[in-house]
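Student: Hi! Could you walk me through this structure? I have a few quick questions.

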Amino acid sequence: MTDRDERKTRIHRLIGDFNKKGIEVGEDTRFAQDLEWDSLTVMDFVAAVEDEFDIIITMNRAAEIETVGTLIDAVGELEGQA
């Protein structure tokens, strides 16, 4: 399993905690549009990702992350493992 695969697994687990509608999640899944998360849910999710990976995601960076795939890659960059 690659580092990216491990990040993907961990992020999918975190998404599951917030995916109240049980929407199928893939790399192209968009947080606001597809999962229908409001800004508070997004902020709570970002905090959960930060805690899980021991990283800080700035507000500007968070605003650029629209899909699950971009989040997986961003976490890798922030961990220095991209």
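Predicted model: local features only at pLDDT ≥ 70, side-chain atom pairs only at ≥ 80, totals over all residues.

Student: Okay, what feature does UniProt place at residues 2–79?

Tutor: The UniProt entry, which is unreviewed, gives "domain: Carrier" for that stretch. In the model the span is 63% helix and 0% strand, and its end C-alpha atoms lie 14 Å apart.

Student: And the core? Which residues have the most contacts inside the largest nonpolar one?

Tutor: Those are Ile 11, Ile 15, Phe 31, Phe 45, Val 49 and Leu 71, in a core of 19 residues. At least two core residues come from each of α1, α2 (39–53) and α4.

Student: Which helix gives the most?

Tutor: That's α4, with 5 residues. As general background, nonpolar side chains in soluble globular proteins tend to be buried together.

Student: Let's zoom in on Ile 11. What is it in contact with, leaving aside neighbours within four places in sequence?

Tutor: Ile 11 contacts Phe 45, Phe 53, Leu 71, Ile 72 and Val 75.

Student: Now the helices. How do α2 and α4 cross?

Tutor: Their axes come within 11 Å and cross at roughly 45 degrees. That angle is why α2 counts as oblique to α4. The crossing is right-handed.

Student: Which residues make that contact?

Tutor: From α2 you have Phe 45, Val 49 and Phe 53, and from α4 there are Leu 71, Val 75 and Glu 79. Phe 45, Phe 53, Leu 71 and Val 75 also turn up among the contacts of Ile 11.

Student: Switching topic: where is Glu 66?

Tutor: Glu 66 sits in the loop between α3 (59–64) and α4 (68–79).

Student: Why is Glu 66 called partly exposed?

Tutor: Because its relative accessible area is 48%, and partly exposed covers the range between the buried cut-off of under 20% and the exposed one of over 50%.

Student: Last one: where is Arg 13, and how far is Arg 13 from Ile 57?

Tutor: Arg 13 is in helix α1 (residues 3–18). Arg 13 is partly exposed, at 46% relative accessible area. Arg 13 and Ile 57 are 44 residues apart in sequence and 19 Å apart in space, C-alpha to C-alpha.

Technical notes
Residues numbered from 1 in each chain as written. Heavy atoms only, no water. Helix = DSSP H or I, 4+ residues; strand = E, 2+ residues; numbered from the N terminus. Buried < 20%, exposed > 50% of the residue type's maximum accessible area, 1.4 Å probe, protein only. Core = buried A, V, L, I, M, F, W, Y, C linked by side-chain atoms within 4.5 Å. Contact = heavy atoms within 4.5 Å. UniProt positions renumbered as here; feature names shortened; annotations may be inferred. Axes fitted to C-alpha atoms, helices over the stretch in contact; angles between N-to-C directions. Parallel < 35°, antiparallel > 145°, perpendicular 65-115°, else oblique. Left-handed = near helix turned anticlockwise from the far one by under 90°.
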